[in-house]
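Here is a model to question, strand by strand. Each answer sets a value against its definition.

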Amino acid sequence: QVRLVESGGKLVQAGGSLRLSCAASGRTFSRNTMGWFRQAPGKERELIAAISWTDSNTYYADSVKGRFTSSRDNAKSTVYLQMNSLKPEDTAVYYCAVDLVNWRTEITTRVLDYGYWGQGTQVTVSS
């Protein structure tokens, strides 16, 4: 059974840092782009970061660019999201997901292209 499990979310003060992890099991995703999404109450789920299977391409939404960094360790089947300079507007449930197309050379930003959603981890940033 394929599973993605996010962890690392918690309550943090504005300006603080967190590192989220997403551990995959059940199959390898070394051939797939991995995406980080977030969903705040009353808002749609949005892609905020992604890292290609080659580890050479990354995507960051404008809202997190320069503050968040995604990385991956294929040997551990884990992707990470380092979040610095956190702001109250970063408060959301954070999810990881897999680009369902293997070997895709360009990062897709379409939410519908991603699957195997984890249960999410709550990040709350207090002002």
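Two strands pair if DSSP finds at least two bridges between them. The model is predicted.

Q: What makes β4 and β5 a pair?
A: Five bridges join β4 (residues 34–39) to β5. The definition asks for at least two, so they pair. The two strands run antiparallel. Within β5, E46 stands opposite R38.

Q: Which residue takes a positive phi in the hairpin of β4 and β5?
A: G42, with a phi near 80°. This hairpin has six residues between the strands.

Q: Why is β5 called largely enclosed?
A: Buried means under 20% relative accessible area. Five of the six residues of β5 (residues 46–51) are buried, so the strand is largely enclosed by the rest of the structure.

Q: How do you know that β5 and β6 pair?
A: Count the bridges: three, in the antiparallel sense, between β5 and β6 (residues 58–60). At least two are needed, so the strands pair. A49 has Y60 in β6 as its bridge partner. The two strands form a hairpin with six residues between them. In its turn, D55 has a positive phi of about 70°.

Q: What joins β3 to β1 and to β8?
A: Bridges, on both counts. Five join β1 (residues 3–7) to β3 (residues 18–25). Six join β3 to β8 (residues 78–83). The cut-off is at least two, so each counts as a pairing. β3 runs antiparallel to β1 and also to β8.

Q: Which residues does A23 face in these pairings?
A: A23 of β3 is the bridge partner of V5. A23 also stands opposite T78 in β8.

Note on methods:
Residues are numbered from 1 along each chain as its sequence is written. This is a predicted model: local features need pLDDT of at least 70, side-chain atom pairs count only at pLDDT 80 or more; totals for chains, interfaces and linings use all residues. Side-chain values use heavy atoms; hydrogens and water are left out. Helices (H or I, at least four residues) and strands (E, at least two) are DSSP runs, numbered from the N terminus. Buried means under 20% relative accessible area, exposed over 50%, partly exposed in between (1.4 Å probe, protein chains only).
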